[in-house]
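Thanks for coming. I will go through one model today, and I will give the cut-offs as the terms come up.

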Amino acid sequence: MSTSSPSPASTLPDFDHERVATVTGARSGLRITVALHSSALGPALGGCRLWSYPHWADGMADAMRLARAMTMKNALADIGAGGGKAVIALPPGRLLDDLQRRDALLDLGDLVESFGGTYITTEDVGVTEYDMAVVRERTAHVVGLPAASGGSGEPGAATAVGVRASIGEVLRALDGDPAVAGRSFVIAGLGQVGSRLARLLAADGAVLTVTDINPAARALADELGATWIDAGAAVTTPADVFVPAGLGGVLTAPVIEQLPVRAVCGPANNPLAERSGADGLAARGILYAPDYVVNAGGVIHLALTERGESPDAVTARLHAIGDTLAAVLQRAAAEGITPLDAADALALGRVAAARR
């Protein structure tokens, strides 16, 4: 691991977490972090991200930021869970073979187990439902195992349903009509969620422009009759709605200044590079649907399915994400604040009430 990387201390978020633990995996030698932000509403639920970082502490900082976002997401999703996140940090350029990957996942399981059930892990970027089966060898505090193994399975489809419901509410707020037919969308990212969302929108008559860093995803664009663009053009292509569906941080201040859309609504975690981006979007008259409201379908699916709720009950809760977003947008309009501030106020109010 490089020792010449600049110190990431200035990028660390405020420490308002209950517990943050970073270890060197006994088997893998990798730095692994679990950040538990809040268990006021129940055991913290949040996925594990396997990703490359310039410095291991950048991975720790990412886990801390994502854990706080999970507190907000789970509070508004009303699933009786707090917020947490795990990160397995890879040094730049490091690739894992199958044995090394297994070692890292077993190390993660040991760290999760040390939290005594206050943190429950599942999949996130770079990790699959099959990886969760490996983690399960070391801890019972894991959800999202393959359906064939009796688990709730990959949650991408559920997340897409929630985003689709949210897009309807965004359009209703813009024009009084939730229909997507004839409306234009730029989808940046065609992974598990973005691809499913593209199919849902296309089936309803949306006009799609899509992109992904993986050129093989162009096959989906051809299948759906969507326009394919280079990834770099996603934030300069005019549309009614920009749909960030890849990694976060794409909405930097310079991007926001020239973003040619009427609204932003997508499944990507933390699409705003800085929180002030919410103010920047509002100043330009661009409606922002907070990511942790919009993309809550995955945790709703995981939590309710693990509890034995019926598929119909789960589907109803996924569609109700649109109702939650509508309440957020209504509060923002009534109080003259950004939707992000309105969502935070609602979520933090629930957490504070639980602590009392």
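First, the ground rules. This is a predicted model, in which local features need pLDDT of at least 70 and side-chain atom pairs count only at pLDDT 80 or more, while totals for chains, interfaces and linings use all residues. Residues are numbered from 1 along each chain as its sequence is written, and side-chain values use heavy atoms, with hydrogens and water left out.

Overall dimensions. The C-alpha trace spans about 55 × 45 × 45 Å along its principal axes. Of the 356 residues, 53% are buried, meaning under 20% relative accessible area with a 1.4 Å probe, protein chains only; exposed is over 50%, and partly exposed is in between. As for contacts, that is, heavy atoms within 4.5 Å, take those between residues at least 6 apart in sequence: 65% of them join residues at least 24 apart.

Secondary structure. The protein has 13 helices and eleven strands. These are DSSP runs numbered from the N terminus: helices are H or I with at least four residues, strands are E with at least two.

Start with strand S3, residues 44-52, where seven of the nine residues are buried. S3 pairs with strand S4, residues 82-90, in the parallel sense over seven bridges; pairing requires that DSSP finds at least two bridges between the strands. Arg49 stands opposite Val87 in S4. Between S3 and S4 the chain passes through helix H1, residues 56-77, and this β-α-β crossover is right-handed. Right-handed means that, with the strands pointing away from the viewer, the path from the first strand over the helix to the second runs clockwise.

S3 also pairs with strand S5, residues 119-123, in the parallel sense, over five bridges. Ala44 has Tyr119 as its bridge partner in S5, and Leu45 stands opposite Ile120. S5 is largely enclosed by the rest of the structure, because four of its five residues are buried.

Now the open sheet. Its six strands come in the order S8-S7-S6-S9-S10-S11, with parallel pairing. S8 (227-228) and S11 (287-288) stand at the edges with a single partner strand each, so one side of each has no neighbour in the sheet. Two bridges join S10, residues 261-264, to S11, and Val264 has Tyr288 as its bridge partner there.

Which strands does helix H4 lie across? H4, residues 156-175, lies across S6, S9, S10 and S11, at about 140° to S10. Axes are lines fitted to C-alpha atoms, for helices over the stretch in contact, and angles run from 0 to 180 degrees between N-to-C directions. Helix H5, residues 192-203, lies across S6, S7 and S9, at about 165° to S6.

Last, Thr159, which sits in H4. Thr159 counts as buried because its relative accessibility is 9%. Beyond its neighbours within four places in sequence, Thr159 is in contact with Val193, Pro267, Asn295, Gly297 and Gly298. A polar atom of the Thr159 side chain lies 3.1 Å from the backbone nitrogen of Gly298.

Methods. Polar contact = N/O pair within 3.5 Å; in protein donor to acceptor, adjacent residues only side chain to side chain.
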